[in-house]
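Dear colleague,

Please read them with the model open beside you.

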Amino acid sequence: MDKNDLKGYIWAKEVVEGKIIANKWVKLECKRYIDRLDNKVNLPCFFDFREAETIYKLLGLMNYATGFYANKPIIDYATGFQMMAWENIFCWFYKEADEHGLMKRMIEEVYLEIGRKAGKSFFCAVTELLIMLRSDKFSQHATAGKTRDISALVRNAIVEIIKASPAISKYFKVTRDKIECKLNECTTKHLSGEANNINGLLLSSFIVDEVANQEDGTIIGALKLSQMSTKDRLSIYISTQYDLEFNAFNDLLEYHKSILLGVDDETINTFGLLFELDEGDDFNDELNWWKANPLQMSLENGRNFLRQEYKKGLKIPSAMKEFRIKILNERLSGVLENGYVDFEQWKKGSLKNINFEGKEVVVGVDLSLTTDLTAISIMYEEQEKYYLKSHGFLPEDSLPERREKIDYRSFQEKGYCTITSGAIVIYTIVEEYIRNIESNYKCKIKCIVSDPFNAMQMMESLSKDYEVILLKQTYSNLSPAIKQFRDDI
């Protein structure tokens, strides 16, 4: 076997040559793979073609459990991108053994952004079976998700493939709480954040499904800690997009994108296929659907399914949003069908820093007591542009009960909000923040505007040193300004 026998390598070449429609990030990953196999880059690693032969043989012994190819060998119908992923995950090794004499695999972290109905559970199941069949003796592995139902999807897919594959089924033992490979006595468990059964393990590998459905990295953090003492580590993160502005997946994707762009040339142990639209792509153009959902677009039945979902979306706005997020992997979490402003348009005006020095600013105050956010905004207008910065305040005791899916502790670390102790917002801390605005930002407060609700005592205190305007939040007071601000955006 040589590189021209590798189905993933052939697919990567067709992507780079423009024969297959793909986005910027997939093209970069394909080029990276090609350059490595063509020895155009200096790596401390090598591609083990003997291991590739073994992987191909194992895929020939595994059968599809369901669908058009039920009971047929996986190797015969696996897609190019699936083969490219398996070739990279299993066949790159460091040239030098580590301090334990172990030949370690190069790839340690894998990121796969795949649209719905793109064979996600199937890919995870096959990958987990390959991991187990190629593992060291007694090693522990896991598939995980936020809920029991999510983690069970991959577990069930593994069991289905085992049952459909007589050549390998005799080497596996399936019980309620784990799956064991008899060849090496390694095990895999399906874990969930719901069951709180993640801690206390010693995992060589894990696959986290539907990562974008997790508001923070709690589950991932626990799984990573379980790998601390293992010699050969592999972490796989796979998901479609979800209707969450902040989730554990997108930070991982941005990290890998920075690697593909060459920001960190030293990092070689990651691999990712990020199937999403390119910036500026028209989601109405069917050709762009290939970039986000190559599996369905490669099948006539799949194309018809996507067309049907798109047509439904033309009639039902919520269905179109679902189509764009779950099928095309667009990040539309802030876009409401009948919302005040298009959140994507709003984000286009973001700046890393705003210089308030020497400016005359208006301070807006929106107070709350318990579950709502208290917010302080600083704004000035210059050359028909608004410059504004906001800071939130919320009580510690409200965090477990909050409805919005935001990691406020992380936001506090980044300086976006302040979490006060107790069950209600401490207004003395809010007032102190307002009084420090001029010194912290070297600006001049023109006036402070606030709804009088909950604010009278603090506003009376502030009025001794600043001009304070009390503005009741009524339709007649706010409607003209709100509409004008929306139009200006």
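Two strands are taken as paired here if DSSP finds at least two bridges between them. The model is a predicted one, and in it β5 is joined by three bridges to strand β6, residues 179-181, with the two running antiparallel. Within this pairing, Lys 173 stands opposite Glu 180 of β6.

Both strands belong to an open sheet of eight strands with mixed pairing, whose order is β5-β6-β7-β4-β8-β9-β3-β10. The edges of the sheet are formed by β5 (172-174) and β10 (270-274), each of which pairs on one side only, and neighbouring strands are turned against each other by 15° on average, with direction ignored. Across β3 (109-113), β9 (234-239) and β10 lies helix α10, residues 248-260, which runs at about 110° to β10.

The other feature I looked at is the second largest pocket, which holds about 990 Å³ of space. Its lining is made up of 33 residues, and those closest to the pocket centre are Lys 117, Ala 118, Gly 119, Phe 122 and Leu 295. The elements that contribute two or more residues to this lining are α6 (120-133), α7 (148-164), α12 (294-297) and α13 (300-315), with α7 providing the largest share, five residues.

With best regards

How values were computed: Residues numbered from 1 in each chain as written. Predicted model: local features only at pLDDT ≥ 70, side-chain atom pairs only at ≥ 80, totals over all residues. Heavy atoms only, no water. Helix = DSSP H or I, 4+ residues; strand = E, 2+ residues; numbered from the N terminus. Axes fitted to C-alpha atoms, helices over the stretch in contact; angles between N-to-C directions. Contact = heavy atoms within 4.5 Å. 1 Å grid on protein atoms, 1.4 Å probe; cavity = no way out; pocket = protein on both sides within 12 Å on 5 of 7 lines; lining within 4 Å. Points joined across faces, edges and corners; volume = space filled by probe spheres on them.
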